[in-house]
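Colleague: Please take a close look at the aromatic rings in this protein. How do they pair?

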Amino acid sequence: MSRPFLRKEAPQVLRRQGALLAAVVLLPLVTATQAGAAAPAPRAGAATTADPAAAATTAQSAACAYTPAVPADNYKGIPDFDPVKAARPFSATLRTSQGAITFKALTDKAPCTTNSFRFLAEKRYFDGSHCHRLTTSRLYVLQCGDPTGTGSGGPGYSFPDENLTGATYPAGTVAMANAGPNTNGSQFFFVWKDTKLSPAYTPFGRVTSGLDVLQKIAAGGEDDQNGPGDGYPTLPVNIKHVQIKKG
């Protein structure tokens, strides 16, 4: 497996994988999905109609391309993208062993990302997985979404970044982890305390309930497997089910 795309400002997400762990030092807040399987950058669609709304829909569809990629853990297929359906608002509630966390999906700002999350949740992709990374120094995030629990898992496809212009990461942000530009898959993170990051991780949700659960998990600490303040949560965060609610 190729090394992930490097960024200096954030430690990397790779979790313990035998002897490889010893070589893991300050790398990015990323997944370990192969960089060579990255999705193409967003591209503008060529409108074939004078209808502005139809042209906008065509462009949006072209910008959201789900590209087959490895790995394909707990594979559930590749989602379709219908801009009209993707724009419909929804909230997601993660029922975890530490309590429920609910966020409002930013379908208007990150439709490709939220469409993917809804697809995976409705396919029960996240059920039975656990959040594999907690950071309590410099970065304040809880990372989830890998069915292998290693930080190297993925859903079998990747897709482009969204909503990065002026992106910030205050407490309550839900954003995508990645292995470099346009390599989003299934891994995401909750920000439990205001965090400074480069605008390189697609924000796609805002926590509306359960920030206290995240802060309780953070207060429990982590096992420092990746260095001080970066490891598995001491309080196990098992995702029992992700419930999607319209509106």
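**Aromatic rings**

Modeller: Y157 and F159 are both buried, meaning under 20% relative accessible area with a 1.4 Å probe, protein chains only (exposed is over 50%, partly exposed in between). This is a predicted model: local features need pLDDT of at least 70, side-chain atom pairs count only at pLDDT 80 or more, and totals for chains, interfaces and linings use all residues. Residues are numbered from 1 along each chain as its sequence is written, and side-chain values use heavy atoms, with hydrogens and water left out.

Rings of Phe, Tyr and Trp (its six-membered ring) pair if their centres lie within 6.5 Å; planes under 30 degrees apart count as stacked, over 60 as edge-to-face and the rest as tilted. By this rule the protein has 16 aromatic pairs. In one, the ring centres of F103 and F190 lie 6.4 Å apart with planes at 70 degrees, so the pair is edge-to-face. That pair links distant parts of the chain: F103 sits in strand β3 (residues 99-105), F190 in strand β8 (residues 188-191), 87 residues apart. Strands here are DSSP runs of E, at least two residues, numbered from the N terminus. F103 and F190 are both buried. Back to Y157 and F159: their centres are 6.3 Å apart and their planes at 35 degrees, so this pair is tilted.

F103 and F190 also belong to one aromatic cluster, together with F117, Y125, F126, F188 and F204.

K193 lies over the face of Y140, 4.6 Å from the ring centre; the rule asks for NZ of Lys or CZ of Arg within 6 Å of the ring centre and within 35 degrees of the ring normal.

Key
Helix = DSSP H or I, 4+ residues; strand = E, 2+ residues; numbered from the N terminus.
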